[in-house]
Amino acid sequence: TVEILTNSLSNFPGAIVAISHNIDFLDQIGIERSYIIQNKKLVLMNGVPHDREIFYQEILSRLTKHEK
């Protein structure tokens, strides 16, 4: 289940690369850096999932710039 996976990953002592649309999950496993794929490039985000307001503003800002 997701709960077992979350508990296992949050207690894992090494590095984890996680790809998910579920921000609660990413927050629960302790993600410290977030990236977004934009224009076929990996871009470091300003903020991590638990800083939801900054995180969402960053995503919206990048999507808006890309649409222009």
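Reader: What makes the space in this predicted model a pocket, and how much of it lies in the largest pocket?

Author: A pocket is an open set of grid points with protein on both sides within 12 Å along at least five of seven lines, whereas in a cavity the probe cannot get out. In this predicted model, about 860 Å³ of space lies in the largest pocket.

Reader: How do you know which residues line the largest pocket, and which lie nearest its centre?

Author: A residue counts as lining if one of its atoms is within 4 Å of a point, and 26 residues line the largest pocket, with Ala18, Ile31, Arg33, Ser34 and Tyr35 nearest its centre. Helix H1 (2-10), helix H2 (23-28), E1 and helix H3 (52-67) are the elements that each give two or more residues to this lining, and E1 gives the most, with 3 residues.

Reader: Why is Ile37 called exposed?

Author: Ile37, which lies in strand E1, has a relative accessibility of 67%; exposed means over 50%, and therefore Ile37 counts as exposed.

Reader: What makes the nonpolar surface patch, and which elements give two or more residues to the patch?

Author: Tyr35, Ile37, Leu42 and Leu44 make a nonpolar surface patch of about 470 Å², to which strand E1 (35-38) and strand E2 (41-44) each give two or more residues. Nonpolar side chains are joined within 5 Å, and patch residues need over 30% relative accessible area; Ile37, at 67%, is above that cut-off.

Reader: What percentage of the residues in the protein chain is called buried?

Author: With buried meaning under 20% relative accessible area, buried residues make up 22% of the 68 residues in the protein chain.

Definitions and conventions
Residues are numbered from 1 along each chain as its sequence is written. This is a predicted model: local features need pLDDT of at least 70, side-chain atom pairs count only at pLDDT 80 or more; totals for chains, interfaces and linings use all residues. Side-chain values use heavy atoms; hydrogens and water are left out. Buried means under 20% relative accessible area, exposed over 50%, partly exposed in between (1.4 Å probe, protein chains only). Patches are made of residues with over 30% relative accessible area and no salt bridge: like charges are joined within 9 Å, nonpolar side chains (Val, Leu, Ile, Met, Phe, Trp, Tyr) within 5 Å. Accessible areas come from the Shrake-Rupley method with a 1.4 Å probe; for residues, only the protein chains shown count as cover. A salt bridge is a side-chain nitrogen of Lys or Arg within 4 Å of a carboxyl oxygen of Asp or Glu. Helices (H or I, at least four residues) and strands (E, at least two) are DSSP runs, numbered from the N terminus. On a 1 Å grid over the protein atoms alone, a cavity is a set of points where a 1.4 Å probe fits but cannot get out, and a pocket is an open set with protein on both sides within 12 Å along at least five of seven lines; lining residues have an atom within 4 Å of a point. Grid points are joined across faces, edges and corners, and a volume is the space filled by probe spheres set on the points.
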